[in-house]
Amino acid sequence: MKSIIEVKNLYISFKEKKVLKGVTFSLSEGECLALIGGSGDGKSTLLRSIIGLESPTSGQILFDGKNILRFDVEQYIFIRKQISYVFQGGALFDSMTVYDNLAFPLREHTDWSEEKIKKAVLHELKEFELEGSENIYPTELSGGMQKRVGVARAIIIKPKVILYDEPTSGLDPYTKKNMQKAIIKMQKRGATSMIVTHDMQTALKVCDRVALLKGGKIQAVDTPKNFRENPNIFLNNFIKGIKQGENDESA
């Protein structure tokens with residue numbers, strides 16, 4: 001499969017602290033890649049660097065073969081139409097209704113009529129089981145609903161790539177399953193996805209490959225099946241968390 005994103009020898013430092021120390025990996029068209037690792041290992045920093053929210057010290061980030069680290073502000077506007085970012089907290093506009101939150105990227109980046117925008121918004125609300133929430137404000141929604149609205153807004157402009165930052169964090173088991181279904185639904189629609197998560201259960205359930213970031217570098221990339229069977233102690237700690245979560249949900 002063709003690689004749509006390639007990260008090559010990426011370094012990022014904050015003052016004296018080196019966070020990423022030569023990260024290299026690729027993301028193929030149509031696949032879902034989970035990025036796992038401990039707190040402070042730089043997972044979200046790596047994700048944010050792909051969308052231009054962090055400035056790497058050195059290295060390359062290629063999108064469709066072009067090094068986006070050389071892009072100017074105008075070129076990054078194009079990138080943000082192609083790569084959508086689902087923030088951990090949803091990052092919705094509190095002063096806007098759910099409808100206007102979803103309509104916002106279409107109004108900003110397309111010349112669509114309001115009638116066409118309405119059709120698209122109502123379609124995505126139905127897809128994510130959010131019908132009837134059009135006139136509700138984000139502060140009136142549950143955490144799980146806010147996250148689903150965030151995903152719907154991210155994909156409504158039909159980007160090539162969706163980046164998810166901790167999409168299941170803070171969710172109860174039922175809501176987490178709904179979020180997993182939403183991500184899987186996007187994959188069936190042909191989306192290319194990268195998920196940063198502490199939640200190994202979600203990583204192994206929804207993704208095609210799993211990458212382990214530790215010590216500032218990608219230490220392993222493999223299929224969910226092989227990750228489950230990997231004897232590495234660090235991975236076993238994640239697997240124990242999965243089994244505990246499964247036991248809790250079946251209790």
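**Exercise 1. What is the order of the six strands in the open sheet, and which pairing does the sheet have?**

*Basis.* This is a predicted model, in which local features need pLDDT of at least 70 and side-chain atom pairs count only at pLDDT 80 or more, while totals for chains, interfaces and linings use all residues. Residues are numbered from 1 along each chain as its sequence is written, and side-chain values use heavy atoms, with hydrogens and water left out.

*Solution.*
Step 1. Helices (H or I, at least four residues) and strands (E, at least two) are DSSP runs, numbered from the N terminus. Two strands pair if DSSP finds at least two bridges between them.
Step 2. The six strands of the open sheet follow the order 6-7-8-3-9-10, and their pairing is mixed.
Step 3. Strand 6 (83-86) and strand 10 (217-222) each have a single partner strand, so they stand at the edges and one side of each is left without a neighbour in the sheet.
Step 4. On average, neighbouring strands of this sheet are turned by 20 degrees against each other, direction ignored.

**Exercise 2. Determine how strand 6 is joined to strand 7.**

*Solution.*
Step 1. Strand 6 and strand 7 (residues 161-165) run parallel and are joined by four bridges.
Step 2. Ile83 has Val161 in strand 7 as its bridge partner.
Step 3. Helix 2 (residues 73-82) lies across strand 6 and strand 7, at about 70 degrees to strand 6. Such angles run from 0 to 180 degrees between N-to-C directions, with axes fitted to C-alpha atoms, for helices over the stretch in contact.

**Exercise 3. Describe the crossing of helix 3 and helix 5.**

*Solution.*
Step 1. The axes of helix 3 (residues 98-109) and helix 5 (residues 143-155) come within 8 Å and cross at roughly 30 degrees.
Step 2. Helix 3 is therefore roughly parallel to helix 5, a term for angles under 35 degrees.
Step 3. Contact means heavy atoms within 4.5 Å. Helix 3 contributes Val98, Asn101, Leu102 and Pro105 to the contact, and helix 5 contributes Val149, Ala152 and Arg153.

**Exercise 4. State whether Asp222 is buried, partly exposed or exposed, and list the residues that Asp222 touches.**

*Solution.*
Step 1. Asp222 lies in strand 10.
Step 2. The relative accessible area of Asp222 is 29%, so this residue is partly exposed; buried means under 20%, exposed over 50%, and partly exposed in between (1.4 Å probe, protein chains only).
Step 3. Not counting residues up to four places away in sequence, Asp222 touches Arg209, Val210 and Phe227.

Methods. Angles under 35 degrees count as roughly parallel, over 145 as roughly antiparallel, 65 to 115 as roughly perpendicular and the rest as oblique. A crossing is left-handed if the near helix is turned anticlockwise from the far one by less than a right angle, and right-handed if clockwise.
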